[in-house]
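Let's take a walk through a protein model together, one stop at a time. Keep the picture open while you read.

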Amino acid sequence: MLAIVATVAALWLFSPVLRDWTTVTASSDQEIIPVNDSWQNVWMLWWTAQAVMSGQSPFQTDMLFYPLKVDLFWQTLQVTNGLLALPVTLTFGPIAAYNTVALLTFVSSALTMFWLARWLGASAFAAGVVAMIYAFSPFHLTKLYDGQLEVMSIQYFPLLTLGLIALLQRAKMRIIACLLVGGLIVWILLTSLYYGLFALIYTAVVVGWYVLLARMPWRDYPVRVAQLILFLIPPALLLVANLANLPVSAPEVAALRMQGRSAQPIDFLLPSPYHPLWGQAVSALQVRLHPGVGMINISLGLVVWVIALIGLFGTWRERLTRLHLALVATFLILAMGPQLVWNGQPTGIPLPFGLIAEWPGVQAGQRPNHFIILAAVHLCLLAASGIETLLRRYAKYRFGLACGLIALIAFDLFPRPVPGSVMALSHAYRYIPPGAGAVLEVPFQMEFANAMVAQIQHQRPILGGYLARPPRYPFADAEGIAPLWLGEAHATILTRDWPQQLVEVMQAQNIEYVIVHERLLSEGQRRMAAQLATILDLVYRDYQTSLYRRRLPAQPDVTLVLGHGWHALEQNDAGVRWQWTQARAEIHAFNAFTEPKRVFLQIEMSAFQPPSTVTIRGAQPELTVNVSTQPRLYTVMLTLPPGHTTLTLAAEPVWHSPAEARLVGVMVQTIQAMVLNTGNHLP
């Protein structure tokens, strides 16, 4: 019966998109939220299907931020949703898969919450009511409106709670069952990075509170510790295996994001921002409390708090009630982040989340307020006890009270149906046939998934992309590419005629098409883009888009790009140009061949003062050269693997230039790489 009720409610919530199931995502339209993540998640489902069907790992891709290979483990890949939706993706497309998975999160969340409440002794009626509260809470609706499919998947937490409590209540440790709970945490982690990290913390907190409240004899403590270790072994192995690729934000940026997405006490008690009567007023208040920040709504409604309080006082003597209270309080406090924020202003009062805020992985999450979903599980269980208490105390009015509770909760949580989001793509993409050559989008749009959705159509790699945690992208500074994206000359010792360098880079790295979105260009970008017609073939043009194609076939080569550690370009009256290095200076080498290549690296450089050495690190072998004070061309042979390699010029010693008040390593005038092919010889 609950499955039918939840399905009907979900279908009504999704009603605006039912007729367009394969073309419109169930998320906010552009009038409500200017940018939503649904289209990024559509791409994730598509990519998982592509990877699985081609027999490659979905956790690595060169389809985004080409020509890099991007690690997707720490992104919003949600590979579990991709695997579950695979038949729908292959049959009806990734948009239909997205909508199907989103709808099923509401139905399955209701079912898992119902099973948990029933297993803990609640009546079918009480379990059904709290199941609907959990599944259709405003917090869950926010994830739907925002298009965040991975954090829409809240159906696993009731199962995790059931598994943990079931095992903790048993006198003997069951190793296989403990590992299965650990496997569930892995599944959650592969669904959502946020929820996976929270599940790890949740497991430790549940075990800790259970041991404290159960007042076990000391001889049982080793068993509980062993259980906790077994719970955490599977996810720990997965995390350790991927820890090297963990993206790390700058500490000040991470702290600012955590502050903005930390709950304030009033956030817990706000009514639904999607209610047709008071929703706009609540949304306006949330914006005032969290200016310029998204993902801020953590409302569970108002009625659930009242019913939970009734359950708390009505069943206080029960040990599980005290456990639920302890866990609700713990996760509400953790949801408030590293320090208390009151009325939008940090108070400086430290909170427990600050103890874990710097842990690897936690900093990457930066969403303390999402701990609300863990509190929601136990709040709903207290609410189930509250419903039972009311129905027992007022048994004569049982039917009327039950109807009144349903009506009150329905009125409290009643939402507007999700309007749906449409992605309008330029007709220019129809003129890009499937192929291997990459597509360069101008301008570079870091916060929009349009190019990724277009990629589903043309199925070619693209430069750039929209990811939750963008990787470092040194290819954006490549000569020829950088002027288009920046809209101005990008002067380094590698700079020559930028249009010609663009052609060379496109040939070397097999970039076949350039698509220019005219309406989005700055004045500088427009000036640069105007020169494309002289070096590329125009394929298509309309009032908002121009599509160009490379004239010459691809010729794989090595492309060099300067990275961190270089002082600004300098030039004398004779036209000689140079750049000083700092102590360490990066050179990014992009080898477009599919196999390792031996490369002659030629660097013309001189030292500030003798003696000076430069060690070239990052490729095989590591080499050291002695550098004189007179400019000289140094030639070394390196082996570069396919793809991206970061070479580092390490200068010893580093000299202080008094006239310019800066530290310098060596002065570099030219850098050139020549691939050693048959017939090549050392110049």
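**A guided tour**

Let's start with Glu512: at 10% relative accessibility, this residue counts as buried, because the cut-off for buried is under 20%. Before going on, keep in mind that you're looking at a predicted model. Glu512 forms a salt bridge with Arg460, and the closest N and O atoms are 2.8 Å apart. Glu512 sits in strand β6 (residues 511-517), while Arg460 is in the loop between α20 (450-458) and α21 (481-486), so this pair ties together parts that are 52 residues apart in sequence.

Glu512 has another partner. It also forms a salt bridge with Arg549, where the closest N and O atoms are 2.6 Å apart. Here again distant parts of the chain are linked: Glu512 in strand β6 and Arg549 in strand β8 (residues 545-549), 37 residues apart. Arg549 is partly exposed, with a relative accessible area of 36%. Why would such side chains pair up at all? Side chains of opposite charge can pair when their charged atoms come close.

Glu523 forms a salt bridge with Arg526, with the closest N and O atoms 3.7 Å apart. Both residues lie in helix α23 (residues 523-529), three residues apart, which is about one turn of the helix. An α-helix has 3.6 residues a turn, so residues three or four places apart point the same way. Glu523 counts as exposed at 52% relative accessibility, and Arg526 is partly exposed at 34%. How many salt bridges does a search of the whole structure find? The count is 10.

Next, let's look at a couple of helices. Helix α19 (residues 398-413) has 16 residues and reaches 22 Å from its first C-alpha to its last, close to the 22 Å expected at 1.5 Å a residue. Which residues of α19 are buried? They are Ala402, Leu405, Ile409, Asp412 and Leu413. Seen down the axis of α19, these buried residues fall within an arc of 100 degrees, so they line one face of the helix. Among the elements covering them are α6 (124-135), α7 (138-146), α15 (303-314) and α18.

Helix α9 (residues 156-169) has 14 residues and spans 20 Å from first C-alpha to last, close to the 20 Å expected at 1.5 Å a residue. This helix is mostly covered, with 11 of its 14 residues buried. Tyr156, Phe157 and Leu168 are among the buried ones.

What about the outside? Ile175, Leu179, Val225, Ile229, Ile233 and Leu237 make a nonpolar surface patch of about 520 Å². The elements that give two or more residues to this patch are α10 (175-191) and α12 (221-242). Helix α12 gives the most, with four residues. Ile175 belongs to helix α10, and this residue is partly exposed, with a relative accessible area of 46%.

Loops are worth a visit as well. His370 lies in the loop between α17 (362-365) and α18 (372-393). Is His370 buried or exposed? At 1% relative accessibility, it counts as buried. Leaving aside residues up to four places away in sequence, His370 touches Phe139, Lys143, Val151, Tyr195, Phe198 and Met295. Leu355, in the loop between β4 (345-350) and α17, is exposed, with a relative accessible area of 69%. Leu355 and Asp62 are 293 residues apart in sequence and 37 Å apart in space, C-alpha to C-alpha.

Finally, zoom in on the backbone. A cis peptide bond joins Val442 and Pro443, with omega about 0 degrees; Pro443 is in the loop between β5 (438-442) and α20. The bond from Gln620 to Pro621 is cis as well, with omega near -5 degrees, and Pro621 lies in the loop between β14 (612-617) and β15 (623-627). Gln78 isn't a glycine, yet it has a positive phi of about 45 degrees. You'll find Gln78 in the loop between β2 (70-71) and α3 (79-84), where it is buried at 2% relative accessible area. Gln459, in the loop between α20 and α21, also has a positive phi, near 60 degrees, and counts as partly exposed at 37% relative accessibility.

Notes:
Residues are numbered from 1 along each chain as its sequence is written. This is a predicted model: local features need pLDDT of at least 70, side-chain atom pairs count only at pLDDT 80 or more; totals for chains, interfaces and linings use all residues. Side-chain values use heavy atoms; hydrogens and water are left out. Patches are made of residues with over 30% relative accessible area and no salt bridge: like charges are joined within 9 Å, nonpolar side chains (Val, Leu, Ile, Met, Phe, Trp, Tyr) within 5 Å. Accessible areas come from the Shrake-Rupley method with a 1.4 Å probe; for residues, only the protein chains shown count as cover. A salt bridge is a side-chain nitrogen of Lys or Arg within 4 Å of a carboxyl oxygen of Asp or Glu. Buried means under 20% relative accessible area, exposed over 50%, partly exposed in between (1.4 Å probe, protein chains only). Contact means heavy atoms within 4.5 Å. The expected span of a helix is 1.5 Å times one less than its number of residues. The arc is that of the directions from the helix axis to the C-beta atoms.
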